[in-house]
Amino acid sequence: MRLPAYDGRKSLYTAGVLPFSWREFKIKLIEEEDGINGPKREREYKVVIKFVARANLHHLGQFLAGKRADAPQEAIQILDIVLRELASKRFCPIGRSFYSPDIRTPQRLGEGLESWCGFYQSIRPTQMGLSLNIDMASAAFIEPLPVVEFVGQLLGKDIKKSLRGVKVEVTHRGSVRRKYRVSGITSQPTRELVFPVDENSTMKSVVEYFQEMYGFTIKHTHLPCLQVGGNQKKANYLPMEACKIVEGQRYTKRLNEKQITSLLKVTCQRPRDRENDILRLKYHESGKEKNCLPQVGQWNMMNKKMINGMTVSRWACINFSRGVQDSVARTFCNELAQMCQVSGMEFHPEPVIPIYNAKPEQVEKALKHVYHVSSNKTKGKELELLLVILPDNNGSLYGDLKRICETDLGLISQCCLTKHVFKITKQYLANVSLKINVKMGGRNTVLVDAVSCRIPLVSDIPTIIFGADVTHPENGEDSSPSIAAVVASQDWPEVTKYAGLVCAQPQRQELIQDLYKTWHDPVRGVVSGGMIRDLLVSFRRATGQKPQRIIFYRDGVSEGQFYQVLLYELDAIRKACASLEPNYQPPVTFIVVQKRHHTRLFANNHRDRNSTDRSGNILPGTVVDTKICHPTEFDFYLCSHAGIQGTSRPAHYHVLWDENNFTADGIQSLTNNLCYTYARCTRSVSVVPPAYYAHLAAFRARFYTEPDLQETGSTGGRGSKTTRAAGDCGVKPLPALKENVKR
């Protein structure tokens, strides 16, 4: 009656003491031997259980009551394991989630994959006490098909790559379902495979062996065999038709676009369904409408003009899409140029040279051709903008293009997909014009309150707002570095223009290494630098003032690293400030932004149209800072965006350090207001823009090291950006950006 809970590794937790402090148990398991009616093999295992420690639940009680500030992580972890015990036996555990084909019928994703539904579960200390956080989850699993059927779904894909590491079970031995992990496939068909059966190197074919040993006739002898061992023994080869894929194997590689779309259809639930399953702006004065109050988190730019419209006099267009004829491309470019004009830019109606058609596999040659021909035509003047028409499925083309444009040629580019070129809509053109304007250094919108100097603790004195993020390479990419990005506002009091810096640093390193650094120069002696220092200098050049207040939004930090990141990065901010001027220490507010969590907020009454948006989600601007938040620290959930489809995920903000003495309402209002200044769309966004821009900058920089990383569609950075490598870290530096791209 001690209800043991096992963590799957080396710890067992019980409700009270066991009647011994140490005991060894002997366990016998029976295994079937190979061959028909072969002898049964018995193996004995020794299991030792010994008393180690008692969990301190008194500490947990004091923490929940607000009497202790340090969280009792061990006690919380133990209770989490106890609450997962039953689910671990009934479902397939992966990370903190549990999946099963029985929760909802699996849906086929194509190419041998299917989606399983499941649920995420985690115990969290909150102001209400210990709370169980539960959310719905979905993931891609390998279909438990016969291997021959699985291979038939791969449609010309690399079969060896698709099967390597997959667990299979044999089906030719009746009730004996022995499991193996596939290490590869043979280069020869099954009918040609032979192996030695004794010490005299007597050879026997795989076909003969399976017939004699198991009475199993291999029909598809033209297919290769699975390799499931490293030695040339009989167990090394398994005919595909004698194997079935073991159920419950999660697919961890990259999904293709079709599979992603299919998975989203499964996961995208209206708030009501999901709950049941779980249980302000100003525009240019010449516009027809000057002020625009966002309606439920969105607005549009029709009849309104950008605050600072830029000029594009010299532009060109490359068409990489074979299906887009010259006339169609010309019509699209003309309409986009007109929309840029209408939106407040000065945009020359004709390109410098005629639209250039090119093959995707000749991207570098095409870009250099257009660059040089345009330069000759303009007598050496810079091409200001390159429009690019891409195929809808463009593989590595997008990343290659951005890398060449930004690190080699110094071209600012705007990519557009073929589907948008054929189906031109005013809304799409308006959105692209927004992106072009900010890439050229313009501003689209500013908050009315900012212009009127009414934003608390921002408008009163010069304030710089930073955003920072670190992106790590995907699992299996052992040679790729982590990439850190820091952006900072470059105007005040509007706070809409940002400059950014990126650097490569050691893999999986979460602390941003290059925030502040010093090195010895033979002439100048000790020299100070780093991302924070450079951006502070850039702010002063842009505004004529030095920042008197710093607000730092930090993305991508897990709860276990909060204070490690705070101590290291706050210290770097302090040193960067002090290096500019003795005793220069502006007050700092340090806020961690989290998007990857499983807290969802639902309207109390789904039928009340005044409390939900059109998608059935809670209204943008909803903030929760009680009940489900931390027992003692300052955190809040903010849903700043309107839902489009599915259930909105609020951003979780954790204020780790606040020397500016913000009130809860003050920091929440500022954060929500900033979400309306994101330059690339006419919606309030789900994460505060400086953190969003930092994420975009870090992701873009990965193209400079891995040009084959896939992304499609129109995208681009905002403001200026440059690249570097973290000091003395042994990581290859990112290629430098061209000067005009930095600007």
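E111 is partly exposed, with a relative accessible area of 22%; here, buried means under 20% relative accessible area, exposed means over 50%, and partly exposed is in between (1.4 Å probe, protein chains only). You will find E111 in the loop between strand 7 (107-110) and strand 8 (113-126). Helices (H or I, at least four residues) and strands (E, at least two) are DSSP runs, numbered from the N terminus. The phi of E111 is near 55 degrees, a positive value in a residue other than glycine. Most residues other than glycine have a negative phi, and most peptide bonds are trans.

Before going further, please note that this is a predicted model, in which local features need pLDDT of at least 70, side-chain atom pairs count only at pLDDT 80 or more, and totals for chains, interfaces and linings use all residues. Residues are numbered from 1 along each chain as its sequence is written, and side-chain values use heavy atoms, with hydrogens and water left out.

## The chain as a whole

The chain holds 18 helices and 36 strands. Of its 743 residues, 50% count as buried. Its accessible surface comes to about 36,400 Å², and 49% of that belongs to carbon and sulfur atoms. Accessible areas come from the Shrake-Rupley method with a 1.4 Å probe; for residues, only the protein chains shown count as cover.

## The parallel sheet and its helices

Two strands pair if DSSP finds at least two bridges between them. Strand 21 (residues 315-319) pairs with strand 23 in the parallel sense over 2 bridges, and I318 has Y356 in strand 23 as its bridge partner.

Contact means heavy atoms within 4.5 Å. Axes are lines fitted to C-alpha atoms, for helices over the stretch in contact, and angles run from 0 to 180 degrees between N-to-C directions.

Another open sheet has 3 strands in the order 12-15-16, with antiparallel pairing. Its edges are strand 12 (184-189) and strand 16 (237-239), each with a single partner strand, so one side of each is left without a neighbour in the sheet. On average, neighbouring strands of this sheet are turned by 40 degrees against each other, direction ignored.

Strand 12 and strand 15 (residues 224-227) pair in the antiparallel sense over 3 bridges, with I185 opposite L226 in strand 15. Helix 5 (residues 206-214) lies across strand 15 and strand 16, running at about 75 degrees to strand 16.

Strand 29 (residues 517-521) and strand 30 (residues 525-529) run antiparallel and are joined by 5 bridges. They form a hairpin with 3 residues between them, and T518 has S528 in strand 30 as its bridge partner.

A cis peptide bond joins W492 and P493, with omega about 10 degrees; P493 lies in the loop between strand 27 (482-489) and strand 28 (498-505). N583 has a phi near 65 degrees, a positive value in a residue other than glycine. N583 sits in the loop between helix 15 (562-580) and strand 32 (588-594) and counts as exposed, at 77% relative accessibility.

## Surface patch and covered helix

I27, L29, Y45 and V47 form a nonpolar patch on the surface, with about 320 Å² of accessible area together. Strand 3 (22-32) and strand 4 (40-50) are the elements that give two or more residues to the patch. Patches are made of residues with over 30% relative accessible area and no salt bridge, with like charges joined within 9 Å and nonpolar side chains (Val, Leu, Ile, Met, Phe, Trp, Tyr) within 5 Å; a salt bridge is a side-chain nitrogen of Lys or Arg within 4 Å of a carboxyl oxygen of Asp or Glu. L29, in strand 3, is partly exposed, with a relative accessible area of 46%.

Helix 16 (residues 664-674), by contrast, is mostly covered, with 8 of its 11 residues buried. Among them are G666, I667 and Q668.
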